[in-house]
Amino acid sequence: MLSLGAVCYVSIMENKSNGRRRIPMSIVMRIGMRQVVFSALVAIVGFVLITPPARAQVQPVATSTSEAAPIPATEIPADITAAINSPERPAADKALDAGRKPDQIMAFYGIKPGMKVADIFAGGGYMTELFARIVGPNGTVYSQNMPFPEKFKKTGDQWNERLKEPALKNVVKVSKPFDAPDLLPVPPDSLDAVIIHLNYHDLVGFKLDRENVNAAVFKALKPGGIYGIVDHSAPAGTGAADTATIHRIDEEFLIKDVEKAGFKLYGASSALRHPEDDRTWLVFKHRGETDRFMLKFVKAPAITTGASGSGSGQ
């Protein structure tokens, strides 16, 4: 959609072009300078009237693939809905649901009963628990965190306590640094999906070994398996500059980074977009209100049924 300023400018330029074909040159000469001045003023005013949030909307997003629209609530699989609505989930987790939209994430990545899934950089385990409840007793979830330094001991304690829940008996705890050669203790080509939720920017910002992470994920996934990454959008073209400060990452930078490991970008979703976010503030300032990209990569051989959208990769 064109901005107000762009619409004004295009309209003016079209009028000028058409007018010059119809109006005699003598008239054009008398009014030409007046029209040029008026056109410039209108274009400037139109640009000034665009608010900062509106300008954020025209920044390029998901430039390597088209984005699928949010999945209608009626099309969210029942297993996902039941897991999210479980009365056994912590109240603190449920308070995050409105902003994080786990129903959209799980449905977009095609998480379902019986799957083998890994949650990389799991933090306190919000996503781990949802994976565990969805894949059920016939599935397995590998929940990975690096050994927690004292600064993040509270998060580590939350993770350890969560994994004691009966519903998480199907979770394998993986406490290994990101440069571990056996980061994912699974046979090659055995996992259906691996997800990193809101933490890839930290791999970059904290200078952790993301090349090892991506290589380990590639090795562990089945051919056609899903590597899903959700993260906070930084302004286009900023690369890794904001990863350690306001905890955001440039989408195109991340795509190129992951594809270096052999993955192919297969789809993206607009479900977590917030176009009013100008992407310049610390993500912890307003949780759940950041503009986020949701990307779906596949392990080669890539799926041939489409280049974007909501294909599951299975």
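The following legends describe close-up views of a predicted model.

View 1. Eight strands make up an open sheet with mixed pairing, arranged in the order β1-β7-β8-β6-β5-β2-β3-β4. The edge positions are taken by β1 (67-68) and β4 (171-175); each has a single partner strand, so one side of each is left without a neighbour in the sheet. Helix α11 packs on this sheet, where it touches β6 (221-232), β7 and β8. The direction of α11 makes about 15° with that of β8.

**View 2. Strand β8 between its two partners.** Strand β7 (residues 263-269) and strand β8 (residues 292-299) run antiparallel and are joined by six bridges. Within this pairing, Ser-269 has Met-294 as its bridge partner in β8, and Ala-268 has Leu-295. Strand β6 is also antiparallel to β8, with seven bridges joining the two. Here Tyr-227 stands opposite Phe-297 of β8.

**View 3. The two faces of strand β8.** The side chains of β8 are divided between two directions: Arg-292, Met-294, Lys-296 and Val-298 point one way, whereas Phe-293, Leu-295, Phe-297 and Lys-299 point the other way. Both sets are buried. Because eight of the eight residues of β8 are buried, the strand is largely enclosed by the rest of the structure. One of these residues, Lys-296, lies over the face of Phe-108, at 4.1 Å from the ring centre.

View 4. Six aromatic pairs are found in a search of the whole structure. Phe-218 belongs to helix α10 (residues 210-220) and Phe-263 to strand β7, so the pair ties together parts that are 45 residues apart in sequence. Phe-218 is partly exposed, because its relative accessibility is 23% and the buried class is limited to values under 20%. Phe-263, in turn, is buried, with a relative accessible area of 0%.

**View 5. The tilted pair Tyr-227 and Phe-297.** The ring centres of Tyr-227 and Phe-297 are 6.4 Å apart and the planes lie at 50°, so the pair is tilted. Tyr-227 is located in strand β6 and Phe-297 in strand β8; the pair therefore ties together parts that are 70 residues apart in sequence. Tyr-227 is buried at a relative accessible area of 0%, and Phe-297 likewise counts as buried at 0% relative accessibility. Together with Phe-218 and Phe-263, these residues form one aromatic cluster.

View 6. Asp-257 is found in helix α11 (residues 251-259). This residue is buried, with a relative accessible area of 9%. The side chain of Asp-257 is joined to that of Arg-210 by a polar contact of 2.5 Å. Apart from neighbours within four places in sequence, the residues in contact with Asp-257 are Tyr-200, Arg-210 and Asn-214.

**View 7. A charged group over an aromatic ring.** Arg-100 places its charged end over the ring of Tyr-126, at 4.6 Å from the ring centre.

Note on methods
Residues numbered from 1 in each chain as written. Predicted model: local features only at pLDDT ≥ 70, side-chain atom pairs only at ≥ 80, totals over all residues. Heavy atoms only, no water. Helix = DSSP H or I, 4+ residues; strand = E, 2+ residues; numbered from the N terminus. Buried < 20%, exposed > 50% of the residue type's maximum accessible area, 1.4 Å probe, protein only. Polar contact = N/O pair within 3.5 Å; in protein donor to acceptor, adjacent residues only side chain to side chain. Contact = heavy atoms within 4.5 Å. Pairing = 2+ DSSP bridges. Axes fitted to C-alpha atoms, helices over the stretch in contact; angles between N-to-C directions. Phe/Tyr/Trp six-rings, centres within 6.5 Å; stacked < 30°, edge-to-face > 60°. Lys NZ or Arg CZ within 6 Å of the ring centre and 35° of its normal.
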